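Subject: Structure handover and notes

Dear colleague,

Here is the structure I promised to pass on, and my notes on what was found in it follow directly below. Please read them with the coordinates open beside you.

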Amino acid sequence: MVWCDTNENVLEWGSEEIVIPYISPLDNRVHRYFPDFYVRARTKTGGTQKFIIEIKPYKQTAPPQKQQRRTKRYITEVTTYAVNDAKWRAAIEYCKDRRWEFKILTEKELKV
C-alpha cells in the first residue's frame, strides 16, 4: 500500500473495493470475490491502464501435485486451488469486459 501511495505512476488505487461474482466449484453457488487491489496507473507510453491485482503465495497459484494418499492437507490444497481458479477466471472475464488487466502477484514478483 505504501508503494501505491509513493509511486508517481499510480494515479488511484483501492483495497478490496471491487466485488466480482463467481460460481464456486464446491457448491455450484454464486459467491462474491473481493480482489486485493484495484490500481489505475500510468503506462510507459503515457496512457493509463486499470488493473485488478491479487496477492497469493506462489504455492497457491499452481495446481497441487497429484498424490496417491488423499490426506486432509492434500484435499485442502485441491479445494483451495479450485476455488481460487474459479475466482481468477471470473476476474479475467470481468477485466476483459472493461479492458482492464488482471494480475496475480506472488512472493517471486514482490521479491519477498
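Let me begin at Asn-9, which sits in the loop between helix H1 (2–6) and strand S1, where helices (H or I, at least four residues) and strands (E, at least two) are DSSP runs numbered from the N terminus. This is a predicted model, in which local features need pLDDT of at least 70 and side-chain atom pairs count only at pLDDT 80 or more, while totals for chains, interfaces and linings use all residues. Residues are numbered from 1 along each chain as its sequence is written, and side-chain values use heavy atoms, with hydrogens and water left out.

Asn-9 is partly exposed, with a relative accessible area of 32%; here buried means under 20% relative accessible area, exposed over 50%, and partly exposed in between (1.4 Å probe, protein chains only). Not counting residues up to four places away in sequence, Asn-9 touches Arg-40, Ala-41 and Arg-42, a contact being heavy atoms within 4.5 Å. Asn-9 and Lys-44 are 35 residues apart in sequence, and their C-alpha atoms are 9.2 Å apart in space.

As for the chain as a whole, there are 3 helices and 6 strands, and read along the sequence they follow the pattern α-β-β-β-β-β-α-β-α. The C-alpha trace spans about 50 × 30 × 20 Å along its principal axes, and buried residues make up 30% of the 112 residues. Among contacts between residues at least 6 apart in sequence, 51% join residues at least 24 apart. The accessible surface comes to about 8300 Å², of which 50% belongs to carbon and sulfur atoms; these areas come from the Shrake-Rupley method with a 1.4 Å probe, and for residues only the protein chains shown count as cover.

The aromatic side chains deserve a look of their own. A search of the whole structure finds 3 aromatic pairs, where rings of Phe, Tyr and Trp (its six-membered ring) pair if their centres lie within 6.5 Å, and planes under 30 degrees apart count as stacked, over 60 as edge-to-face and the rest as tilted. The pair of Trp-13 and Phe-37 is tilted, because the ring centres are 6.0 Å apart and the planes stand at 55 degrees. This pair links distant parts of the chain, with Trp-13 in strand S1 (residues 10–15) and Phe-37 in strand S4 (residues 37–42), 24 residues apart. Trp-13 is partly exposed at 25% relative accessibility, whereas Phe-37 is buried at 16%. Tyr-38 and Trp-100 form another tilted pair, 5.5 Å centre to centre with 45 degrees between the planes, and it joins strand S4 to the loop between H2 and strand S6 (101–105), across 62 residues. Tyr-38 counts as buried at 12% relative accessibility, and ring pairs link Tyr-38, Tyr-94 and Trp-100 into a cluster.

Arg-73 is exposed at 58% relative accessibility, while Glu-77 is partly exposed at 22%.

Best regards
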